[in-house]
Amino acid sequence: MKKIILTLLYFCPFGMVFNCFSSTGLLCNNAGLGNDSQLTILNSDNSIYLEISMLGDINPKLPKVFNPYAMDIPNDIFLIEVISEDKGRYQVSIGNGQSKFISKSEKSVKYYSWTNFILNYEYNSIIVDKKTNPVRVFPTEKSKKVLYIDYDTYAIYGKKIVGDWLKVEVQDIESTESFKTYGWVKWRDKEKLLIEFGLYD
């Protein structure tokens with residue numbers, strides 16, 4: 001299982017610790033299955049800033065300042081942070097301290113709060129720092145570590161959130177023995193996200 005963190009041009013890396021409460025969640029690619037494939041991003045006056053096809057372009061022409069949370073459209077990956085919302089629009093971060101808007105009527109993207117994303121989005125695995133934030137038996141930093149976890153190959157999935165702690169299921173998906181265990185990791189610390197996400201198999 002490969003765990004790839006997006007760091008290419010126009011890709012904002014998951015592999016960073018950042019202020020998750022500067023945004024309320026993410027808008028994620030929802031194209032296909034009858035939904036619209038064209039995403040329109042707006043300026044504050046509702047004029048068009050950018051139009052992107054969510055179903056195809058390998059190398060779409062993008063402004064240099066456009067740097068969403070993660071983007072790999074050929075692999076159905078498009079994630080952009082939501083800063084705030086009103087009745088009709090989401091205000092989204094395009095990176096470099098700039099923001100634009102996406103209408104709530106858009107069907108090519110779907111909104112996930114951070115907790116909903118962790119529990120329900122189909123990422124490949126949660127990635128944790130095994131030294132500073134290992135899987136623990138109980139949701140406390142003084143709890144013992146769960147033993148016999150290979151952090152490089154096992155898949156970790158979020159199952160339940162209790163405050164700053166996330167109950168996780170750990171699976172050895174490469175073994176025929178179907179090893180599975182459970183534990184807890186700290187997913188946030190005040191205004192910082194402490195976990196990362198692998199998006200590819």
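Modeller: Partly exposed means a relative accessible area between the two limits, under 20% being buried and over 50% exposed. The model discussed here is predicted.

Colleague: Why does Lys104 count as partly exposed?

Modeller: Lys104 has a relative accessibility of 30%. Buried would require under 20% and exposed over 50%, so Lys104 is partly exposed.

Colleague: What makes Lys104 and Glu85 a salt bridge?

Modeller: Their side chains meet at 2.6 Å, N to O. The cut-off is a Lys or Arg side-chain nitrogen within 4 Å of an Asp or Glu carboxyl oxygen, so the pair of Lys104 and Glu85 qualifies. Lys104 sits in the loop between strand 7 (98–103) and strand 8 (109–113), while Glu85 belongs to strand 5 (residues 77–85), so the bridge ties together parts 19 residues apart in sequence.

Colleague: Is Glu85 buried, partly exposed or exposed, and why?

Modeller: Glu85 is at 45% relative accessibility. Exposed begins over 50%, so Glu85 stays partly exposed.

Colleague: How do you know that Lys159 and Glu169 form a salt bridge?

Modeller: The N to O distance between these side chains is 4.0 Å. The criterion is within 4 Å, so the pair is counted. Lys159 lies in strand 10 (residues 155–162) and Glu169 in strand 11 (residues 165–171), ten residues apart.

Colleague: Which classes do Lys159 and Glu169 fall into by accessibility, and why?

Modeller: Lys159, at 45%, is partly exposed. Glu169 has a relative accessible area of 8%, and since buried means under 20%, Glu169 is buried.

Colleague: What makes Asp164 and Arg188 a salt bridge, and what does the pair link?

Modeller: The side chains of Asp164 and Arg188 come to 2.6 Å, N to O, which meets the limit of within 4 Å. Asp164 is in the loop between strand 10 and strand 11, and Arg188 is in strand 13 (residues 188–189), so the bridge links distant parts of the chain, 24 residues apart. Asp164, with 29%, is partly exposed; Arg188, at 21%, is partly exposed too.

Colleague: Why is Ser143 called buried?

Modeller: Ser143 has a relative accessible area of 9%. The cut-off is under 20%, so Ser143 is buried. Ser143 is in the loop between strand 9 (125–127) and strand 10, and touches Arg136, Val137 and Phe138, leaving aside residues up to four places away in sequence.

Colleague: Why does Ile41 count as buried?

Modeller: Ile41 is at 0% relative accessibility, and under 20% is enough. Ile41 lies in strand 2 (residues 38–42). Beyond residues up to four places away in sequence, Ile41 touches several others, including Tyr49, Phe66 and Phe101.

Colleague: How many of the residues lining the second largest pocket are charged, and how many nonpolar?

Modeller: Five are charged and seven nonpolar, with two polar. The second largest pocket holds about 220 Å³ of space. Of its 14 lining residues, the closest to the centre are Asp129, Thr132, Asn133, Lys186 and Leu194. Asp and Lys count as charged, so Asp129 and Lys186 are in the charged class.

Colleague: How many helices and strands are there, and what share of residues is buried?

Modeller: The protein has one helix and 15 strands. Of its 201 residues, 45% are buried.

How values were computed:
Residues are numbered from 1 along each chain as its sequence is written. This is a predicted model: local features need pLDDT of at least 70, side-chain atom pairs count only at pLDDT 80 or more; totals for chains, interfaces and linings use all residues. Side-chain values use heavy atoms; hydrogens and water are left out. Helices (H or I, at least four residues) and strands (E, at least two) are DSSP runs, numbered from the N terminus. Buried means under 20% relative accessible area, exposed over 50%, partly exposed in between (1.4 Å probe, protein chains only). On a 1 Å grid over the protein atoms alone, a cavity is a set of points where a 1.4 Å probe fits but cannot get out, and a pocket is an open set with protein on both sides within 12 Å along at least five of seven lines; lining residues have an atom within 4 Å of a point. Grid points are joined across faces, edges and corners, and a volume is the space filled by probe spheres set on the points. Contact means heavy atoms within 4.5 Å.
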